[in-house]
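Hi,

Here is the structure I said I'd pass along.

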Amino acid sequence: MTGDVAVLGAGMHPWGKWGRGFVTYGRVAARAALADAGIGWPEVQSVVGAQTVRGGYPGYVAGASFAQALGWQGARVTSVYAACASGAQAVNTARAQILAGMADVVLVVGADAAPKGFFAPAGGERPDDPDWLRFRVLGATNPAYFGLYARRRMALYGDSPEDFALVKVKNAAAGALNENARYRRPVTAEEVAASAVVADPLRLLDICATSDGAAALVLCSMEFARRRGVTDPVRIRAVSTVTPTFPRTVLDLPDIGTDSAVAVDPPPESFRASIARAAYEEAGAGPEDVSLAEVYDLSTALELEWYEDIGLCALGEGAKLVRDGTTALGGRVPVNASGGLASFGEAVPAQAIAQVCELTWQLRGRAGERQVPGARVGITANQGLFGHGSAVVAVR
């Protein structure tokens, strides 16, 4: 186990399609986090920005972009990128700086201004880039992979489109209670079934949108929190940023093939399962300790996979949990009490930070109508392109 760092503040800019730049959203979220922490911007000693590749040069140097937007004051800056795992990498970088004694107070910010529709590859000819190749060679958008994952679950475990729809119904009900969510209307299973097919068997309401939005955290040393009179803060106890183990025998974004297992046996667990295991091991906790989880529901079928990967049930049993209400608000282990990507849409560098914001409010007991009673331990989980793992364990 490593040392804890305290979450002193959490803030967000609501998700949506606002027509502004990512820096504007990030500044709003940062100011909200600073206000929540009760500290002034001049007290921040370091800024870690989760990069966005859609914001031009300012997006590549996101840490500096946010620091300049708040007003230069001499803080060190760092910018990190790990696709969908960028936010967790930013949290981990801030935590490392605090535990190493490089800073007492670090501001973590992620923001995005996403294009309309599904994500497309960056421009240019790049035949050595797997992400470019899958679009050019296969014409495979992200939802094409989501559809393949869903078909795999149907073939292996007997999941059905009706099971997938229940995930959307559950998350939409939670999102309707979240003022930061983009979609705040309950959805029925019939509405999911009536929405357009995007990548069979998944329909439009099975797949998350792309959104504008921002999230920020103020992290600090436990000693700094005590000096400020915060004696029982939410604490980051573990951050997992592990990579896959060769050979990978299940197709994953953005690859167009799997590894050969002729000479080397496949690992005993999936990549996503290894992400959560590493976080649990560092935290000295296990799935049995978890009060709630925030997972990356790029599609409804993928959420069911995450139930199994974070240890809430055995392989193939994810659908049973959503059928019996285990993962809904009021269930034994609510998953995506925030409403998840189903209610927010994907603002890539902000999303993993937003997951930690939700855990923070839940563990403080300040999540309003979404509150999970008695929440003490929460885990986040997601995965970024090119083998970026992402999981955070927060406790109180």
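Let me start with helix α14: 17 of its 17 residues are buried, so the helix is largely enclosed by the rest of the structure. Bear in mind that this is a predicted model. Buried here means under 20% relative accessible area.

As for geometry, α14 covers residues 348-364. From first C-alpha to last, the helix reaches 26 Å, close to the 24 Å expected for its 17 residues at 1.5 Å a residue. Just past the end of α14 comes G365, with a positive phi of about 80 degrees.

Is E303 buried or exposed? E303 has a relative accessible area of 0%, so it counts as buried. Its side chain makes a polar contact of 2.9 Å with the side chain of K170. K170 also turns up in the list of residues that E303 touches once neighbours within four places in sequence are set aside.

Now for the surface. V53, Y57, Y60, V61 and Y81 make up a nonpolar patch of about 500 Å². One of them, Y60, belongs to helix α2, which runs over residues 56-60. Y60 has a relative accessibility of 42%, and therefore counts as partly exposed.

That's what I have so far.

Cheers

Definitions and conventions: Residues are numbered from 1 along each chain as its sequence is written. This is a predicted model: local features need pLDDT of at least 70, side-chain atom pairs count only at pLDDT 80 or more; totals for chains, interfaces and linings use all residues. Side-chain values use heavy atoms; hydrogens and water are left out. Patches are made of residues with over 30% relative accessible area and no salt bridge: like charges are joined within 9 Å, nonpolar side chains (Val, Leu, Ile, Met, Phe, Trp, Tyr) within 5 Å. Accessible areas come from the Shrake-Rupley method with a 1.4 Å probe; for residues, only the protein chains shown count as cover. A salt bridge is a side-chain nitrogen of Lys or Arg within 4 Å of a carboxyl oxygen of Asp or Glu. Helices (H or I, at least four residues) and strands (E, at least two) are DSSP runs, numbered from the N terminus. Buried means under 20% relative accessible area, exposed over 50%, partly exposed in between (1.4 Å probe, protein chains only). The expected span of a helix is 1.5 Å times one less than its number of residues. A polar contact is a pair of N or O atoms within 3.5 Å; within protein, one must be able to donate a hydrogen and the other to accept it, and residues adjacent in sequence count only if both atoms are side-chain atoms. Contact means heavy atoms within 4.5 Å.
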